[in-house]
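Please open the structure in your viewer and keep the sequence panel beside it.

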Amino acid sequence: MKKTVLHIVLAVLAAMLAVPTAAYAQERKEGGDDAWRERIESKKIAFLTSEMDLTPEEARVFWPVYNKAREQMREAMDKVMKTFGEMDRAVKEGKSEKEISALVHAYTAALAATKGMEEKNAKAYEQVISPVKVAKLLVGEEKFRMQQIRKLGSPDGKKGGKDAKEPKDAPAGKPSCEAPVCAAPCLLGHYIY
């Protein structure tokens with residue numbers, strides 16, 4: 001009896017986890033990864049432009065600076081993820097301590113290279129838009145990221161499901177991720193991948 005109940009509970013949990021993953025995979029499959037990424041970027045640009053209330057002139061000078069900064073961050077995070085994967089494989093394959101030590105140092109060096117990039121980027125943004133609009137950008141990026149995460153977790157692909165209320169933003173000082181390395185910054189500078 002207990003085994004039957006356990007099997008039913010496990011089956012229900014597996015089904016609940018599969019629905020959001022299947023919806024996400026379907027959206028990505030429809031146009032390939034590049035098309036999916038472009039759609040998300042287009043939505044993000046529209047969202048941030050609205051959140052920041054950019055004038056056409058501000059947008060003309062801001063977006064090239066922003067795009068360059070994002071590309072640099074993407075490259076740095078790609079290196080972090082690559083070194084993390086190499087380190088993970090080395091541990092699983094039982095490589096020598098010397099090899100693993102070198103990979104640990106490569107990984108932590110890649111992580112260190114990402115530190116301070118957001119501050120550098122904010123200073124670059126302030127050269128072309130006001131500090132108020134830079135603050136609106138930073139808040140808008142977090143809002144957009146949370147919106148996308150909620151959509152991924154929703155069975156129908158919409159924000160929070162049909163009847164869900166908008167969740168409150170995570171309180172300042174509380175990490176919004178558990179991952180050591182990710183692609184979009186959370187409130188504490190962690191990255192959600």
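Are Phe-47 and Phe-144 buried or exposed? Select both: Phe-47 is buried, as is Phe-144, where buried means under 20% relative accessible area, exposed over 50% and partly exposed in between, with a 1.4 Å probe and protein chains only.

Some conventions apply throughout. This is a predicted model, in which local features need pLDDT of at least 70, side-chain atom pairs count only at pLDDT 80 or more, and totals for chains, interfaces and linings use all residues. Residues are numbered from 1 along each chain as its sequence is written, and side-chain values use heavy atoms, with hydrogens and water left out.

**The whole chain**

Display the protein chain as a cartoon. It has 5 helices and 2 strands, in the order α-α-α-α-α-β-β from the N terminus. These elements are DSSP runs numbered from the N terminus, with helices being H or I of at least four residues and strands E of at least two. Of the 193 residues, 27% are buried. The chain exposes about 12900 Å², of which carbon and sulfur atoms supply 61%; the areas come from the Shrake-Rupley method with a 1.4 Å probe, and for residues only the protein chains shown count as cover.

**Confidence**

Next, colour by pLDDT, the predictor's confidence in each residue, from 0 to 100. The mean for the protein chain is 76, and 63% of its residues reach 70 or more. Over residues 4–25 the value is below 50, and this stretch has 6 contacts beyond near neighbours in sequence; a contact means heavy atoms within 4.5 Å. Residues 161–184 also stay under 50, and for them the model has 43 contacts beyond four places in sequence. Where pLDDT is low, the predicted coordinates should not be read in detail.

**The aromatic pairs**

Show the aromatic side chains. The structure holds 7 aromatic pairs. Rings of Phe, Tyr and Trp (its six-membered ring) pair if their centres lie within 6.5 Å; planes under 30 degrees apart count as stacked, over 60 as edge-to-face and the rest as tilted.

Return to Phe-47 and Phe-144, a tilted pair at 5.6 Å centre to centre with 45° between the planes. Phe-47 lies in helix 1 and Phe-144 in helix 5, so the pair ties together parts 97 residues apart in sequence.

Then select Phe-84 and Tyr-107: their ring centres are 5.6 Å apart and their planes stand at 55°, so this pair is tilted. Phe-84 belongs to helix 2 and Tyr-107 to helix 3, 23 residues apart. Phe-84 is partly exposed, with a relative accessible area of 30%, whereas Tyr-107 is buried at 8%.

Finally, highlight Phe-62, Trp-63, Tyr-66 and Tyr-125, which ring pairs link into a cluster.

**Helix 4**

Select residues 117–126, which form helix 4; Met-117, Asn-121, Ala-122 and Tyr-125 are buried there. Viewed down the axis, the buried residues fall within an arc of 135°, so they line one face of the helix; the arc is that of the directions from the helix axis to the C-beta atoms. They pack against helix 2, helix 3 (97–114) and helix 5 (131–153). On the face turned away from the buried side are the exposed residues Glu-119 and Lys-123.

**A last stop in a loop**

Where is Asp-53 found? Asp-53 sits in the loop between helix 1 (2–52) and helix 2 (56–92). Asp-53 has a positive phi of about 55° although it is not a glycine, and at 53% relative accessibility it counts as exposed.
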